[in-house]
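Trainee: I am new to this structure, and I would like to learn how to read it step by step. Could you walk me through it?

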Amino acid sequence: MSQYDPNRPYNALPDLPPEVDIETPAILKKCIPARVALAELKQACHRIPNQKVLINTIPVREARDSSAIENIVTTENNLFRHAAAKDAETDMATRETARYLQALMDGVHGISERRVSTSTAVTVCQIIRAIEVNIRNTPGTALRSSGSDKIIYTPPEGETILRDKLRSWETYLNQDSDVDPLIRMALAHYQFEAIHPFTDGNGRTGRILNILYLIDQGLLDIPVLYLSRYLIENRDDYYRLLLDVTARSEWEAWIIFMLSAVEQTAKHTIAKIFAIKALMDHTTDFISSVNSKIYKHELIELIFQNPICRIGYLTEAGLGTRQTVSGYLKGLCEIGVLVEEKFGREKIFLNIKLMKLLASDDNNFEPYGPSVTNDPSPN
Ligand SMILES: Nc1ncnc2c1ncn2[C@@H]1O[C@H](COP(=O)(O)OP(=O)(O)OP(=O)(O)O)[C@@H](O)[C@H]1O
Ligand SMILES: [Mg+2]
């Protein structure tokens, strides 16, 4: 029986692995399609040889959705604007979500050295919150139900206890094991949230750690999985199933939920990658047919790497002088591929079709119109 009492710090939280069977037939059965979908996603990334196109675009959606779980609401468009013109004024939610993105990317860079560990968690949380973050050392953190403000869970208390539990969590995650890494990710996400080591930011940090773990385990090369999309769409289940593990050791339903999240979001991300690739190919064809003078492979890559582009990105990439590259961007605006805007003191250039595609659940895009030429076709 669980010793859980919603109003008292759950210092009896057991370490991983749970005592119950975590490889039931239902779990193992669900693991297969999740692994297949993830392997397909890893493959699909190679369809676009320039990985920056994916790295700069897909995690933005993940950051948006994961932050939205905490009611920090912004849009991809705001995030792209912010990325292109950091000095320009922007709202709190956009800045906070941009920090989530930064924490994810920094986490990816450090993963081979730091693995998924307490120190990784502290760094991630620190970047998200933009303050120095420590393991909780004061009482008073409790999770409340969104409707009634009633306490539903009080995480363990006492810095030593929290550090011990984190050490055990980290050891379990990084030791050799024949348990499928997706099952271990599900266990670890629950455990991290149940430990709730920080006063705030635990959910977002834990969701970044999920992605980092998939990379650490070799299941993904780059952080492209919209896992939070599933969690926000099923937020009530997400919270209820976490609580059911604590209250009733209901591990099976929780693990299956996380496996479904991986499967569904991997499939969704694959479709998005294919759509980006199709739009890139279409844009390439269109530009080369309408204005072959501005057609340059590197230019297309840059306007897909940066849904909002700046003159500086092109000069830095060696595409020419300011004057030359301004000419390219102007040419792309003339044929409707980019739209110029003023943002703060910056001139920015929006790849509208790409931005729409990234922000929408739909993977279709309106093709560019047929090329207009004055020469009537000979036949
Ligand atoms: N019953 C529960 N037991 C353990 N963890 C829970 C429970 N219910 C929710 N959680 C986790 O706690 C997180 C909220 O904690 P916290 O406010 O510290 O994180 P956050 O990142 O600021 O918020 P959010 O996750 O809402 O974005 C939830 O996202 C979820 O991951
Ligand atoms: Mg919070």
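Mentor: Gladly! Let us begin with a term: the domain bounds used here come from an automatic or database domain assignment. Please also keep in mind that this is a predicted model.

Trainee: Which domains does the assignment give?

Mentor: The assignment gives domain 1, residues 25-271, and domain 2, residues 284-359. Their C-alpha centres are 33 Å apart.

Trainee: How many residues of each domain are in contact with the other?

Mentor: On the domain 1 side there are 18 residues, and they are in contact with 14 residues of domain 2. Helix H2 (51-55), helix H3 (58-69) and helix H4 (76-84) each give two or more residues to the domain 1 side. H4 has the largest share of that side, with 6 residues. Sorted by class, the side of domain 1 that touches domain 2 has 7 nonpolar, 5 polar and 6 charged residues.

Trainee: Now for the inside. Which residues have the most contacts inside the largest nonpolar core?

Mentor: They are Ala 186, Leu 225, Trp 254, Ile 255, Met 258 and Val 262, in a core of 98 residues. Helix H12, residues 251-290, gives the most to this core: 15 residues.

Trainee: Let us turn to the ligand. How many residues surround ligand 1, and which are the closest?

Mentor: Ligand 1 is surrounded by 17 residues, and the closest are Glu 70, Glu 193, Asn 202, Gly 203 and Arg 204. The elements that give two or more residues to this shell are strand S2 (151-153), helix H8 (181-195), helix H9 (202-216) and helix H11 (235-248). By class, the shell has 8 nonpolar, 5 polar and 4 charged residues.

Trainee: How should I read a sheet?

Mentor: The general idea is that strands of a sheet pair through backbone hydrogen bonds, either parallel or antiparallel. In this model there is an open sheet of 3 strands in the order S3-S5-S4, with antiparallel pairing. Strand S3 (308-309) and strand S4 (339-343) are the edge strands, each pairing on one side only.

Trainee: How many bridges join the strands of each pair?

Mentor: S4 and strand S5, residues 346-350, are joined by 5 bridges, while 2 bridges join S3 to S5.

Trainee: What happens at the hairpin of S4 and S5?

Mentor: This hairpin has 2 residues between the strands, and Gly 344 takes a positive phi near 60 degrees.

Trainee: What should I look for in the backbone elsewhere?

Mentor: Here is the general rule: most residues other than glycine have a negative phi, and most peptide bonds are trans. Ala 130 lies in the loop between helix H6 (118-129) and strand S1 (143-144). Ser 249 is not a glycine either, yet has a positive phi of about 50 degrees; its place is in the loop between H11 and H12. As for peptide bonds, the one from Leu 16 to Pro 17 is cis, with omega near -5 degrees. Pro 17 is in the segment before H1.

Trainee: Is Ala 130 buried or exposed?

Mentor: Ala 130 has 12 C-beta neighbours inside 10 Å, so it counts as exposed. Ser 249 has 16 other C-beta atoms within 10 Å and is therefore partly exposed.

Notes. Residues numbered from 1 in each chain as written. Chains lettered and ligands numbered in written order. Predicted model: local features only at pLDDT ≥ 70, side-chain atom pairs only at ≥ 80, totals over all residues. Near = placed C-beta within 6 Å. Helix = DSSP H or I, 4+ residues; strand = E, 2+ residues; numbered from the N terminus. Nonpolar A, V, L, I, M, F, W, Y, C, P; charged D, E, K, R; others polar. Pairing = 2+ DSSP bridges. Contact = placed C-beta atoms within 7 Å. Core = buried A, V, L, I, M, F, W, Y, C linked by C-beta atoms within 7 Å. Buried ≥ 20, exposed ≤ 12 C-beta atoms within 10 Å, placed from the backbone.
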